[in-house]
Amino acid sequence: MTDPVWASIHAARAARAADLAGLTEEQWATPSLCSGLTVREVLAHLTASASLNAVRWMAGVIRCRFDFDRQVAVRLAEQLGATPAETLERFRSVVASTTKPPLPVVALLGETLVHGEDIRRPLGLRRDHPVEVVTRVAAYYQGSDQVVVARSRVAGLRLVADDGPFTSGTGPLVSGSTLALVMAMTGRTACCDDLDGEGVELLRSRCGAGAA
């Protein structure tokens with residue numbers, strides 16, 4: 001039986017490849033929501049993530065002297081390709097991959113979802129995600145600071161989704177779509193504009209640092 005989390009990852013990757021098929025050169029160079037990276041570079045990063053098993057990941061970390069940011073940059077460069085068309089083709093080649101770094105599968109689902117929106121939002125693209133998938137990601141992030149600082153970012157806040165069952169924490173209210181909550185708790189300042197409640201400004205002040 002297919003693991004439902006992997007099935008969600010593969011579906012999200014396939015949707016992203018379809019969304020990006022007609023981009024112009026200028027659109028590929030658009031700054032993403034992931035600080036310092038273009039749309040094209042974020043896609044290459046996702047290809048790298050889907051191409052690294054635990055052994056290759058650790059070998060790269062050692063080679064980069066445990067500088068994790070450098071490791072990400074090196075692996076991204078490996079998958080960028082000579083042209084945007086090549087970047088997209090490399091991503092298409094890993095759509096059905098189950099290779100991953102030494103992280104929980106749900107962490108990879110979160111990365112896939114969040115970086116997908118990092119790409120789509122600056123391009124003005126919209127993609128509706130199954131609420132149960134986004135809820136699973138929200139539940140993971142609210143309890144984890146692994147790779148992405150999220151749990152600490154929403155500490156002391158009450159998060160309430162208005163399109164699904166997700167709720168978390170106590171304190172000043174932050175409400176909105178489950179996706180907007182996920183994007184804000186992973187440090188995307190722009191997505192705080194989609195949220196309501198007395199806790200929004202506190203959450204906004206915590207965005208940026210620790211985002212990935």
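A nonpolar core here is a set of buried Ala, Val, Leu, Ile, Met, Phe, Trp, Tyr and Cys residues joined through side-chain atoms within 4.5 Å. Keep in mind that this is a predicted model.

With that in hand, look for the largest nonpolar core, which has 36 residues. The ones with the most contacts inside this core are Tyr 141, Leu 159, Val 174, Leu 181, Met 185, Leu 195 and Leu 203. Who supplies it? Two or more residues each come from helix 1 (4-19), helix 7, helix 8 (131-141), strand 1 (158-161), helix 9 and helix 10 (200-206). Helix 9 is the top contributor, giving seven residues.

Now zoom in on Leu 203. Leaving aside residues up to four places away in sequence, Leu 203 touches Arg 153, Val 154, Leu 157, Val 174, Ala 184, Cys 192 and Leu 195. There is also a second, separate core of 16 residues, with Ala 17, Trp 28, Leu 88 and Val 95 among them.

Back to helix 9 (residues 178-185): its axis comes within 10 Å of the axis of helix 7 (residues 105-123), and the two cross at roughly 90°. Angles from 65 to 115 degrees count as roughly perpendicular, so that's what helix 7 is to helix 9. On the helix 7 side, the contact is made by Leu 113, Val 114, Glu 117 and Asp 118, while helix 9 brings Leu 179, Val 182 and Met 183. By type, that contact has five nonpolar residues, two charged and no polar.

Finally, check out helix 3 (residues 39-49), which is mostly covered, with ten of its eleven residues buried. Among the buried ones are Arg 40, His 45 and Thr 47, along with Val 42, Leu 43 and Leu 46.

Definitions and conventions. Residues are numbered from 1 along each chain as its sequence is written. This is a predicted model: local features need pLDDT of at least 70, side-chain atom pairs count only at pLDDT 80 or more; totals for chains, interfaces and linings use all residues. Side-chain values use heavy atoms; hydrogens and water are left out. Axes are lines fitted to C-alpha atoms, for helices over the stretch in contact, and angles run from 0 to 180 degrees between N-to-C directions. Helices (H or I, at least four residues) and strands (E, at least two) are DSSP runs, numbered from the N terminus. Angles under 35 degrees count as roughly parallel, over 145 as roughly antiparallel, 65 to 115 as roughly perpendicular and the rest as oblique. Contact means heavy atoms within 4.5 Å. Ala, Val, Leu, Ile, Met, Phe, Trp, Tyr, Cys and Pro count as nonpolar, Asp, Glu, Lys and Arg as charged, and the others, Gly among them, as polar. Buried means under 20% relative accessible area, exposed over 50%, partly exposed in between (1.4 Å probe, protein chains only).
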